[in-house]
Amino acid sequence: MNPVIKAQLKSFEEKTKRSELSESELFEIFTIFSISNGILTDTIDPFSAHLQGDEFGIDGISIMIQGEICTNSDEISSALTGGKNHSIEFNFFQSKTSEKLDYGEMSKFFDAVAEFFNGTFISPTEQLSDLIAAKDKVYEQVLKQNPTLRLFFVSTGTGEKSKQISKLIRERKQNLLDLNIFSNVEIEAYGAKDLQTGYRSATNSISESIDIKKPITLPEHPSVQQAFLGYVSAEELVKLATISSGEGSERRINKAVFFDNIRDFNENSAINKGILDEIKNGDQDSFIFKNNGVTVVSKEINRKGDTFHLEDYQIVNGCQTSNILFMAGENRKDINVPFRLIGSNDADFVSRIIIGTNKQNEVKDDQFWALTTFMKNLEEYCREQNTDLQLFIERRENQYRNEILERTRIFRPSDLVKSIAAMFLFQPHRSARDYRGIRNDFSDRLFKESHSVVPYHTAAFAAYKTDFSIRNKRINSSWSIYKYYFLSAIGKEVTSGRDIFNMKKTEQNRACQKILDTFSDEELLSKHFTKVAETLDSIMKENCVTSREKCRDALRAEAVSQQFDKSYHTLQT
């Protein structure tokens, strides 16, 4: 194996703390991470995309909707309930530690992808069956545009393609386009240099230098190290907003630098088409007078004259402007943009800037929650736990991008809502797919200043341990669809069905400790999972539910949730 890749693979193993994996398994996950988080600049847990079985020809699949990875039909349904212009991507990964691209292995990869979409995949595992059902759910929708398909085949050599392999790629790409279900098909054959670049991009802080014209120093502020106001050329702004996957490769939008969800940008909207038409028709000079400007926040700024080097920066307002200028290509020459640069390490202050500069846009409730004292206290509490119980609350997107930690221990506010709703609000039937509904119905009952942080940490830890047990095959993988029932059952058991937030703090702590004790003990946890799974298996059999997808539908029904409560808690008594 390439020595640089080998060193990066060792670093990845140390960061993910997965020493039990074989080198080939670790390399597959490393590849998914380097491509997804480095080259595509998504932010995903690569273990979620990795196929754990011996699927024919495919190592990993990520179905991305609005930047969120979806692994089953429930998550697809939830992701498609918000917004209008959904950007959907199917990404497939296959990697080999050999140095040469193998014609036969690539053919198998292309065959497997085709079978995934045409429904002829032979004996798919339950994990792959969930992904096929997720794909079917996507195409059941009336989409404004077809999904994008990307295929990545990786070796540890140069990635150089022979004439035969180049021909194979052209032919298979056309075959996939002929299905008429994709807006675009991309097939990449990557080598060692591409992987190296991707891994560095995924693990290093984002840095860039930019020239600001006529910079003015802004007044002092206790949360700001330095700040400037001026204007920049379109070329300079595009440089901040894009990334290259390697020498000589075309630059692409770097989704990791935006606060705004980059996929919410709709290039086909009448407004954006109108702005582009004006640029192409030669109206460059008036752009600066019509544009509201771009705000960039950077953790570190080093100035030399009018050149500013930015380290770990984020474009907090300017998604539309950056995308339009990127699309304008050579026509962006001579365009200038109002520009504000703020240097700050204060996460709360940065969040307030984000909200203040995006008042014209919908700002997620998650962002408001991130500003609360409670969420700050929860973040500190979870981080200061001992190693086994430690979790990381991500109050700001990409907050932990450059830190060495186990990625599966990172929880966003949306993850917290689903876990707490299942465990202590007793909503297992809604947690898997109805995050927005739960958020709307229970927002006045969550993340209150008067709440103890302990129940939130407990619910999140239980969710983490459930995922850990499934991923590491400590329990039957088919039980993964019972996840939120595992949480709800023990939550209702230790609280006797009471609202934990109305219980005395000492009672809350005792109840939560019982849960932590169970989820920290392999034997106790296995018994708990088995009891819940057997109860649900019996209910499914009683209701003549046979297929996995019908089982998933049944679990979303309130009637099944009530039937489970009655059956499970009768057994407990």
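Two strands count as paired if DSSP finds at least two bridges between them, and the helices (H or I, at least four residues) and strands (E, at least two) are themselves DSSP runs, numbered from the N terminus. With that in hand, let's walk through the structure. This is a predicted model, in which local features need pLDDT of at least 70 and side-chain atom pairs count only at pLDDT 80 or more, while totals for chains, interfaces and linings use all residues. Residues are numbered from 1 along each chain as its sequence is written, and side-chain values use heavy atoms, with hydrogens and water left out.

The protein is divided into domain 1 (3–202), domain 2 (206–362) and domain 3 (367–571); these bounds come from an automatic or database domain assignment. Between the C-alpha centres of domain 2 and domain 3 there are 39 Å.

Let's begin with the sheet that contains strand 6. It is an open sheet of six strands, in the order 6-12-11-13-8-7 and with mixed pairing. Strand 6 (207–211) and strand 7 (213–217) stand at its edges with a single partner strand each, so one side of each has no neighbour in the sheet. From one strand to the next, the twist averages 40 degrees. Such angles run from 0 to 180 degrees between N-to-C directions, and the axes are lines fitted to C-alpha atoms, for helices over the stretch in contact.

As a reminder, strands of a sheet pair through backbone hydrogen bonds, either parallel or antiparallel. Both senses can be followed here. Strand 6 and strand 12 run antiparallel and are joined by five bridges, with Glu208 opposite Leu310 in strand 12. Strand 11 and strand 12 are also antiparallel, joined by nine bridges. These two strands form a hairpin with two residues between them, and Gly305 in the turn has a positive phi of about 65 degrees. On the other hand, strand 11 (residues 294–304) pairs with strand 13 (residues 336–343) in the parallel sense, over five bridges.

Helix 13 (residues 347–357) lies across strand 11, strand 12 (307–317) and strand 13, at about 60 degrees to strand 12; contact here means heavy atoms within 4.5 Å. Helix 9 (residues 234–241) and helix 12 (residues 319–328) have axes that come within 9 Å and cross at roughly 110 degrees. Helix 9 and helix 12 are therefore roughly perpendicular to each other (under 35 degrees counts as roughly parallel, over 145 as roughly antiparallel, 65 to 115 as roughly perpendicular and the rest as oblique). Where they meet, helix 9 brings Ala234, Leu237, Val238 and Ala241, and helix 12 brings Thr321, Ser322, Leu325 and Phe326.

Next comes an open sheet of five strands, ordered 2-1-3-4-5, again with mixed pairing. Its edge strands are strand 2 (68–70) and strand 5 (184–190), each pairing on one side only. The twist in this sheet averages 25 degrees from one strand to the next. Strand 4 (residues 148–154) and strand 5 pair in the parallel sense over seven bridges, and Val154 has Tyr190 in strand 5 as its bridge partner.

Helix 2 lies across strand 1 (60–65), strand 3 (88–95), strand 4 and strand 5, running at about 140 degrees to strand 3. Helix 2 (residues 23–39) has 17 residues and reaches 22 Å from its first C-alpha to its last, close to the 24 Å expected at 1.5 Å a residue; the expected span is 1.5 Å times one less than the number of residues. Of those 17 residues, 14 are buried, so helix 2 is largely enclosed by the rest of the structure. Buried means under 20% relative accessible area, exposed over 50%, and partly exposed in between (1.4 Å probe, protein chains only). Phe30 has its place in helix 2 and is buried, with a relative accessible area of 0%. Not counting residues up to four places away in sequence, Phe30 touches Ile5, Gln8, Leu9, Phe12, Leu195 and Tyr199. Just after helix 2, Thr41 takes a positive phi of about 55 degrees.

Finally, look at helix 20 (residues 483–495) and helix 22 (residues 522–542), whose axes come within 10 Å and cross at roughly 110 degrees. Helix 20 and helix 22 are therefore roughly perpendicular to each other. Tyr485, Phe486, Ala489 and Ile490 in helix 20 meet His528, Phe529, Val532, Ala533 and Leu536 in helix 22.
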